[in-house]
Amino acid sequence: MKHLERQFESLVRTIRKRRTAYFFAAPAIITLLAITIFPLLYEVRLVFMSWELTTSATPEFVGLQNLIKVLFQDSRFWSSMRVTAVLIVLGVSIQLGIGTGLALLLNRMGRWRTPLVSLFLIPVMIAPVVAGFQFRMIYHDQFGPLNYVIELITGGRWRGFAWIADPNVALFAILMTDVWQWTPFLMLIVLAGLQSIPLELHEAAEVDGASPWQSFWRITFPLLLPVIIIGILIRAMDAFKLFDIVYLVTGGGPGNVTETISFYTYLQGFKFFSLGYTAAMAFIQLIIITLIARFFLSFQKRQRGEI
Amino acid sequence: MRRMSPLQKLVSAVILVIALILFLFPVVWMFLTSFKTEAEYFSYPPVFIPRDFSPRNYLNAMMLPPDGRGGLQGLRDSLIVALSTTIVSMLIGSLAAYSLSRFKTGGENLSFWILSTRMFPPVAAALPLFLIFKELRLLDTHWALIIANTVFNLPFVIWMLKGFFDDLSPEMEEAALIDGCTHWDAFIRVALPLITPGLVATALFSFIFAWNEFMFALLLTRRSVRTLTVIVPSLVGGHEILWGEIAAIGTIAIIPGIVLSVLFQRFLVRGLTMGAVKG
């Protein structure tokens, strides 16, 4: 009898604990469900509709037509995907390259490291809109300091570059703005990775006669790799959504050479008001980002398993 | 680690200083422009240092159209949206984080589902949110932005705080429970005070994400709510480009970010990677 009573008591305690657990988590779960599931369902429904706010107000069921049009008949969609891909691949590579270089230097700076890192990180903490405005001024063809510096360096031979109006360099102008803003982020991550590597490992390698080069590729690099992969994935997901800087610096132009997928989706939805079509594009982006995010999450799960 | 020769040391210091100048130049340029007169910022060769540091551009920016209070309205709306978003996500998020950390509620799947909602592209969420808010008559209100920003900040807050709770040994709370405290008391009186630095850092991050947010502010609000981030491009696009005034607004807009990066450097790695990397 005593035994049964004790079992009953522990059961009640477990239930109570479970109840507290869900009671604590409920507000967040409900909020997130309400504001993600509803829009998602709404959007999935829209994918199969033709709904042009500019012509008729009544939505019409069109089946897979929107998706087919986006994927097979819209060259502007593919052009925006290409622009986005270029910005992700080139942008993240440059950021990682410079970021790693700076991190390696900062790692040896001793007591100067902390204040330097704070200063380097200012671009990361700035609103992308404000960063875009800063570069608008810097790129200005008549009054911008960039053209002035180039003129000084080349002795007046190169001058008056139209950084954001010339279709050949406009994408480069966007790329450099993004690189400016996010290189310090990768620098910070690599630096954190470097500092978690125990010093003894390098000392042991040195005793065994390893060159600095060998010590970097055999010790530092493999230990840094997981951190670098996380940094790359976070940046790739962010760069995939690049919008603010494009809106500010070039507005997608000239023509549509700097139009990213986020920007094109915005135009379709909020300038041309093709709601069904926009939903179809949004849906495709969701699938892509889900794939990257899955990779990120499974990688993180594996990391945790190892620790 | 190998000792660096004095020459190596000098070279790395020089490289770092040059890099730092390049990375800070755009910010410094904006700051200087915020004090320039029109004749100074529309001149070639460019004027680097303004003649005087009078706050006239700041005063003008505060009273820009529409309604003759552009910057002031922006400051008010940005503060309302960022503060409310932070308060709501911290209240709901800290509870959920505690639950996920201490009771392993919903296992790993729930945690990772919460994290994945943050990866949602805002442009994909904007259209359905726009249509739903239109039905609910929430467009062009602070609520629209507070709700939209909370969705993206809540997963961040939960993951950050979960990390801090995970680092905290549960012994203190267990002792409190044995002494007859409820879970609620253990949470409010024991656990929360112990992670105060983490709470402050998380709240600041949440504030800055909402403060810097642009797309929702552009699409979900129009006239009665105009945050600083929508005022900047609306002025850039105008007929006469008011570099000085925009630079003044931009300079005000970056203050919270700079404060965070200077005061809370030790939490930056964690904050920027949502706890994926612990610095």
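# Exercises on helix packing and aromatic pairs

In this predicted model, helix α4 (residues 70–102) of chain B packs with helix α9 (residues 183–194) of chain B at an angle of about 100°, the axes being 12 Å apart.

**Exercise 1.** Classify the arrangement of α4(B) and α9(B), and describe the contact by residue class.

Solution. 
1. Angles of 65 to 115 degrees count as roughly perpendicular. The angle here is about 100°, and α4(B) and α9(B) are therefore roughly perpendicular to each other.
2. From α4(B), the contact takes S94(B), L95(B) and Y98(B); from α9(B), it takes W184(B), A186(B), F187(B), A191(B) and L192(B).
3. Sorted by class, the contact of α4(B) with α9(B) holds seven nonpolar residues, one polar residue and no charged ones.
4. Y98(B), W184(B) and F187(B) also belong to one aromatic cluster, together with F23(A), F24(A), F103(B) and F165(B).

**Exercise 2.** Describe how α3(A) and α1(B) cross, and state which residues meet.

Solution. 
1. Helix α3 (residues 75–106) of chain A and helix α1 (residues 6–33) of chain B have axes that come within 10 Å and cross at roughly 130°.
2. That angle makes α3(A) oblique to α1(B).
3. The crossing in which α3(A) passes α1(B) is left-handed.
4. On the α3(A) side, L102(A), L105(A) and L106(A) take part; they meet S12(B), I15(B), L16(B), A19(B) and F23(B) in α1(B).
5. The residues of the contact of α3(A) with α1(B) comprise seven nonpolar, one polar and no charged.

**Exercise 3.** Determine the geometry of the aromatic pair F164(B) and F267(B), and locate its two members in chain B.

Solution. 
1. Over all chains, a search of the whole structure finds 48 aromatic pairs.
2. In the pair of F164(B) and F267(B), the ring centres are 5.5 Å apart and the planes stand at 80°. Planes over 60 degrees apart count as edge-to-face, so this pair is edge-to-face.
3. Buried means under 20% relative accessible area. F164(B) has 9% relative accessibility and so counts as buried. F267(B), at 7%, is buried as well.

**Exercise 4.** Is S274(A) buried or exposed, and which residues does S274(A) touch?

Solution. 
1. S274(A) is in the loop between α12 (261–270) and α13 (275–306) of chain A.
2. Its relative accessible area is 9%, so S274(A) is buried.
3. Not counting residues up to four places away in sequence, S274(A) touches W51(A), E52(A) and Q268(A).

**Exercise 5.** List the buried residues of α7(A) and state what they pack against.

Solution. 
1. In helix α7 (residues 145–153) of chain A, the buried residues are P145(A), N147(A), I150(A) and E151(A).
2. These buried residues pack against α6 (128–139) of chain A together with α1 of chain B.
3. Just after α7(A), G155(A) has a positive phi of about 65°.

Terms used: Residues are numbered from 1 along each chain as its sequence is written. Chains are lettered from A and ligands numbered from 1 in the order in which they are written. This is a predicted model: local features need pLDDT of at least 70, side-chain atom pairs count only at pLDDT 80 or more; totals for chains, interfaces and linings use all residues. Side-chain values use heavy atoms; hydrogens and water are left out. Axes are lines fitted to C-alpha atoms, for helices over the stretch in contact, and angles run from 0 to 180 degrees between N-to-C directions. Helices (H or I, at least four residues) and strands (E, at least two) are DSSP runs, numbered from the N terminus. Angles under 35 degrees count as roughly parallel, over 145 as roughly antiparallel, 65 to 115 as roughly perpendicular and the rest as oblique. A crossing is left-handed if the near helix is turned anticlockwise from the far one by less than a right angle, and right-handed if clockwise. Contact means heavy atoms within 4.5 Å. Ala, Val, Leu, Ile, Met, Phe, Trp, Tyr, Cys and Pro count as nonpolar, Asp, Glu, Lys and Arg as charged, and the others, Gly among them, as polar. Rings of Phe, Tyr and Trp (its six-membered ring) pair if their centres lie within 6.5 Å; planes under 30 degrees apart count as stacked, over 60 as edge-to-face and the rest as tilted. Buried means under 20% relative accessible area, exposed over 50%, partly exposed in between (1.4 Å probe, protein chains only).
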